[in-house]
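Here are some questions and answers on helix packing, a pocket and backbone details. Look over the sequence and the model first.

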Amino acid sequence: MSGRFSEEAMTAAMRDVAAALDVSAEGARLLQLTNNAVFALPQPGIIIRIARTHQLLDRVTKVVQLGQWFAEIDAPTIRLVHDVEQPVQFGSLAASVWRYVPPQSPAPTVEDLGLVLREFHALDVPSFGLPAWDPVGDARRRLADAEGLDANDRKFLVEWCDRLEPQLIALGRRGEPKLIHGDAHVGNLLRDLSGRAILCDFDATCVGPWQVDLAALAVGEIRFGSKGSHRALTLAYGFDVSSDPSWAYLREARELKMISAAVPLLNTSPLIAAEFTNRLRSIRQKNLTTRWRPFAGIPDQPGPIIRDQQHRRQGT
């Protein structure tokens with residue numbers, strides 16, 4: 001399927017970025033095609049992440065600031081390419097460029113995630129300022145860029161946002177705000193050449209209740225049907241988020257994010273649109289047993305699509 005954010009368009013954009021950096025795009029591999037189009041270019045040793053919707057371009061600047069700060073404090077995170085002026089802007093799009101991390105054995109585990117999150121949450125909040133945790137605001141911005149959203153679905157999502165927003169504002173005021181990753185799962189974890197487990201993908205990084213990072217995996221276990229990962233994270237981190245008094249709102253906030261993430265992309269793929277409908281129906285029916293399919297790996301069109309499964313961890 002063609003379109004301004006299609007795989008074809010994003011591949012062309014990646015080649016434009018590579019040309020601007022004066023590096024070869026030969027052998028480039030598409031790692032992810034969700035809110036970002038993420039490409040690995042192993043030959044020059046870089047990752048190119050292109051924001052796939054015009055409404056979220058401000059996040060690229062935030063991510064670059066974070067990447068620079070993480071390097072200064074030696075945070076447990078992936079590193080930007082330091083000799084490139086970033087963000088890289090071309091036309092109406094923007095990209096960030098990161099060091100390529102080849103897959104290392106053993107692969108990162110849920111236990112690694114728990115330990116890394118404890119270290120990450122212990123970091124100070126950076127002085128340059130970060131947005132407050134605002135999943136409803138994020139969802140509303142995606143709704144504003146939704147070309148293929150049915151009117152009834154839009155109404156339901158808007159009403160869901162209206163109902164949930166005051167509860168999340170109150171939750172955000174509870175306790176001392178911390179640096180939170182915002183999309184913490186094993187797929188956003190790498191192992192560097194030294195064997196250290198590190199985080200990637202900072203689009204959702206913000207300041208808010210640290211419990212948000214533990215809720216991501218717990219909700220994923222419910223919705224995707226995996227077993228045992230929540231318990232493993234609980235043991236590694238030392239806290240069971242499902243016992244938190246605000247667990248119900250943390251779960252809803254995560255589900256809203258997991259559904260609204262596809263809203264700007266509904267016109268790019270009938271398969272993404274079908275999964276979006278499946279997820280929204282389960283919310284309408286208050287059904288926690290319906291299994292969801294991850295958007296990552298769903299092609300822009302039916303039929304064969306090349307994905308490098310071994311390297312996809314760098315492409316949330």
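**Helix packing, a pocket and the backbone**

Q: At roughly what angle do the axes of helix 3 and helix 6 cross?
A: The axes of helix 3 and helix 6 come within 10 Å. Axes are lines fitted to C-alpha atoms, for helices over the stretch in contact, and angles run from 0 to 180 degrees between N-to-C directions. Helices (H or I, at least four residues) and strands (E, at least two) are DSSP runs, numbered from the N terminus. The crossing angle is roughly 165°.

Q: Is helix 3 roughly parallel or roughly antiparallel to helix 6?
A: Angles under 35 degrees count as roughly parallel, over 145 as roughly antiparallel, 65 to 115 as roughly perpendicular and the rest as oblique. The axes cross at roughly 165°. That makes helix 3, relative to helix 6, roughly antiparallel.

Q: Which residues of helix 6 make the contact with helix 3?
A: This is a predicted model: local features need pLDDT of at least 70, side-chain atom pairs count only at pLDDT 80 or more, and totals for chains, interfaces and linings use all residues. Residues are numbered from 1 along each chain as its sequence is written, and side-chain values use heavy atoms, with hydrogens and water left out. Contact means heavy atoms within 4.5 Å. Helix 3 brings Val 110, Leu 113, Leu 117 and His 121, and helix 6 brings Asp 213, Leu 214 and Leu 217.

Q: Is helix 3 oblique or roughly antiparallel to helix 7?
A: Helix 3 (residues 110-121) and helix 7 (residues 229-237) have axes that come within 8 Å. They cross at roughly 45°. That makes helix 3, relative to helix 7, oblique.

Q: Is the crossing of helix 4 and helix 5 left-handed or right-handed?
A: Helix 4 and helix 5 (residues 151-172) pack with their axes 9 Å apart, at about 160°. A crossing is left-handed if the near helix is turned anticlockwise from the far one by less than a right angle, and right-handed if clockwise. For helix 4 and helix 5 the crossing is left-handed.

Q: Which residues lie nearest the centre of the second largest pocket?
A: On a 1 Å grid over the protein atoms alone, a pocket is an open set of points where a 1.4 Å probe fits, with protein on both sides within 12 Å along at least five of seven lines; lining residues have an atom within 4 Å of a point. This pocket's lining divides into 13 nonpolar, 4 polar and 10 charged residues. Of its 27 lining residues, those nearest the centre are Arg 59, Asp 134, Asp 138, Ala 204 and Cys 206.

Q: Which residue does a cis peptide bond join to Ser 105?
A: Omega of this bond is about -5°. The second residue is found in the loop between strand 5 (93-99) and helix 3. The residue is Pro 106.

Q: What is phi of Asp 22 near?
A: Asp 22 is found in the loop between helix 1 (7-21) and strand 1 (29-33). Its phi is positive, in a residue other than glycine. The value is near 60°.

Key
Nonpolar A, V, L, I, M, F, W, Y, C, P; charged D, E, K, R; others polar.
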